[in-house]
Amino acid sequence: MSAVIFFIAATGAIAGAIGVVMLRNPFYGVLSLVGHLLCLAALFLLLNAEFLAASQVIIYAGAVMVLYVFVVAYVGGDSESLGASPGFLRLMTPLVVVLLLVELLIATLGSGLKAIGTEGAPLPDGFGSPAAIGEALLTTYLLPFEIASILLLVAAVGAVGLARRRRGFGPGDVPFDSATIAAAPPKGSGTMAEAAGDRAIVGAPRNESR
Amino acid sequence: MSLQTHAWLVLAFPLAGTILLGLLRPVLSGKKAGAIGTLAILLAFANGVAAVIKLQELPSESREVVSSLWTYANTGGLDAQLSILIDPLSLLMVLIVAGVSTLIHLYSVAYLASDEGYVRFFAYLNFFVFSMLVLVLAGNFVLLIVGWALVGAASYLLISFWYRRNTATKAGIKAFVINVLGDVGIVLGTILLLGATGSVDFLTVFNEAPQVFNSNDGTLVAACLLLMVGAFAKSAQVPFHTWLPDAMEGPTPVSALIHAATMVTAGVYLIARMHPLFELAPTAQVVGGIIGLLTLLIAATIGLVVTDLKRVIAYSTMSQIGYMIMAVSSGIYVSGLFHLMTHAFFKALLFMAAGSVIGAMAGEQSLNRMGGFRKVMPITYACFIIGGLALSGMPPFSGFFSKDDILLGIGELGGWHWILYVGGYIGALMTAIYTFRMIFRAFHGDPCEEAKSLEAGRLYHAPEHRNPADGTLEDTGVGFPGSKHHIAERSVAMTIAMGVLAFLATTAGVLQIPKISHVMENFLEPTFVGAKHFGVEIDTSLLLFGMGLGTVLGLLGIWIAWTLYVKRPGSAAAIEARFAGAHKLFANKWYFDEAIDFAIVRPFAALGRFGQRTVERVVVDGGITAGPVSLARVSSAAVRSWQSGLLRAYAAAITFGAALVLLYFLLQG
Amino acid sequence: MNISWYLTVSAIIFTIGAAGILTKRNPLVILLCLELMLNAANLSLISFSRMWGNEDGQIFAIIVMVVAACEVVIGLGLIVAIHRRGLPVDADELSELRG
């Protein structure tokens, strides 16, 4: 049974990966990646990594991919052709890729590791369960865990800084003059309270565009 | 609160004061800054008193408490901690530093009231007190070096306080450079001790030293001499003394606090603190004793002829510290520290009184122009007399007991120490002469123009601001004495500060009187109980002879000064002409500045010019760098073509590299 | 199933991702391919974790996911900023750092 599931999931994952590279429309590429991630989650389950499988589906296939979809929709995914690039790259790419694949396969299949040909060591109860992972994260790996959280915070702040609208960016931006300021929405508009509709802003024009 | 808490609070309050004053500088007006600064030091002093009370509650043998707040570094055999050592010695210093500082802050509240840099001054002054307290409380060499260097920096800032005055900034730089020379000595000494004992902690080093070193071990003597370089630079001992007279460019309270009462005695404290090491290195002790004696005599001779009021007191400070260095180098630590304390009182008092006179003279400091202030400034005159008598070692003032304690202790040692003994008494005679020469010239004789003006009820104001050191015209931004300046006589705060110090200078002697009172000795016993000459009983006949001799020499000195400057005012000039050679030598300060300039400054300047003109321009620019520069140009041009700016090219290169690394491992395996 | 199968799948996905990065010009798709490579590495980590019956590999994979999330956030932020400036969203056109 597990062999059947493995082959289905592995085929799906590889197919999804190929889809990401081959499909010309980035939007389809994202969808293909979602499929790939779901198949990968199934592989994780087969490897007794339940918690990781769940987070893969929820965080990756769910949250992160939604972000991608939004950005693709915002930037406008142009269709593009494969590999229209400088000459030496066209030559180098297949060479490097094939070399890498061959080496990786030799490394995994031809290695002297005996355990690699087995289904793995006998497992303790609750291996890979949220409880086990949580305990490891909050005891042995507390420091990496905290560092990871700080890293996420930094990344979030950095992203806000990057994507923020600044003045005088480029040709597409409206110059910021007194007329713009005068036309700005009154104080208090654009807040959560206004969005929730429980506070009326006196004299506020409803500007849907913002 | 515990002993440790009090000790840390001693450090915390001045630091808080510094930060507060530094941050609030733009908004503080009037005398608020002075109040904040004085209060911070007063609180530190109160905590110091509380710490002493707590320490006295402990049994005598456990009165050495180490408290560590933080570990700087614990690696490679070095365990540097933010730790303080609380023992009678450090707390004695805390009391002296914080106590005198409180009074001097109080004095400065009024003294600098008309200065534009009022808040800045108190921020600096608090910073100085903090640094000095770090120095005396440090529990290991690392923190000692930190305090040592911070004190030097604070001294620099305060000497150059009137930074628009050219002579002041130069004096600050001079002081700082010589002090840094001392810092280097201490750092090198610490490295030697760390290498030998494997620790920077005071108590560990002291405990290890007898096991590691033989008596007069070469390494130990070298380390002690290097520490002494630091001590001499800070304490203005020959040949590192030339900065101290110039440091009188700073405001008078600074001279009183830093360059008389506290910072310059740090060298004495250092030797006393390191006494377990110095006891093992008799050679270093001999060097210290000789240097102390030399300084004492040289400074006293210069003090006889200098005409600048503050510089007379500065040379007397050097001379008195010579006594202390002589004492602690000879192993009689309690006497040295006792003199340190009484000296802090009477010397701060003298400086404060001098500040009063300088105020009345509107910034002028030359004795040649002063005279006749006796009647118009009775309080100042009384302070000068009290301070002068204490300085000359007249009974029953504090200086009598402390100075004689040193000389008696040295006399009791015997052997070659008789040189120090005799030299010390010669110095005592000269001390009395120059002290009363200063007093008679400033307060007796015909009243000068400024004194007359004050008598008429009007404080003299200079028509134009001139630098008292070189007479050049100054802009008004320098700030002192300003149009609304005070003199100590007429200000309550300054009078209180002077009164307290006058009381202490008069009575502090009772703390340690041979065969009668042993307060100092009993208090310091836990620190010095292991020292060789601790608590040695003085021979009664020597005691009586010494005290009698001290009194007679003091009286003789005062009589000589009286004869020369009051009774027969012209005779001083006659003697000057008679001994023109000696006078020239003394007046030119034994040519130390010139000698240092000739032996060190000029050769190094010449070396620098040679290095810049010949070595750098010709050899380095022409020969050595030319090859690498062109190589770098050519090779960078070659590598630059790889920077295509194409993201994918970079990615391909990385992937290719990774593949190669993998290939290497495959071939290895 | 033998662990070697999982590792093989991981190697294939990794190579596909690498090929994608080297051939695509749209930075969005390059980011997607980066995700592929990171996931391939995750699969390897989890396989080894299973092989030894030790959870450390899974913890490692979680940290990799965190790093991947950060990378996505920053990468997409950059793409949005590029787009805002009116610059072409094309990895080959953005070559101002040419030496």
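A residue is called buried here if 20 or more other C-beta atoms lie within 10 Å of its own. By that criterion, 24% of the 210 residues of chain A count as buried, in what is a predicted model. The secondary structure of chain A consists of eight helices and zero strands, so that, read from the N terminus, its elements run α-α-α-α-α-α-α-α. When the contacts within chain A between residues at least 6 apart in sequence are considered, 46% of them join residues at least 24 apart.

Chain A also touches chain C, in a contact that takes 78 residues from chain A and 63 residues from chain C. On the side of chain C, helix H1 (3-23), helix H2 (27-52) and helix H3 (56-84) each supply at least two residues, and H3(C) gives the most, with 20 residues. The make-up of this side of chain C by class is as follows.

| Class | Side of chain C that touches chain A |
|---|---|
| Nonpolar | 40 residues |
| Polar | 16 residues |

In chain B, attention turns to helix H21 (residues 519-528), where B:Met520, B:Phe523, B:Leu524, B:Thr527 and B:Phe528 are buried. These residues lie on the same side of H21(B) because they cover an arc of only 130° around the axis. The partners against which the buried residues of H21(B) pack are helix H3 (88-111), helix H12 (275-280), helix H15 (333-360) and strand E3 (512-513), each of them in chain B.

Key. Residues numbered from 1 in each chain as written. Chains lettered and ligands numbered in written order. Predicted model: local features only at pLDDT ≥ 70, side-chain atom pairs only at ≥ 80, totals over all residues. Helix = DSSP H or I, 4+ residues; strand = E, 2+ residues; numbered from the N terminus. Buried ≥ 20, exposed ≤ 12 C-beta atoms within 10 Å, placed from the backbone. Contact = placed C-beta atoms within 7 Å. Nonpolar A, V, L, I, M, F, W, Y, C, P; charged D, E, K, R; others polar. Arc of directions from axis to C-beta.
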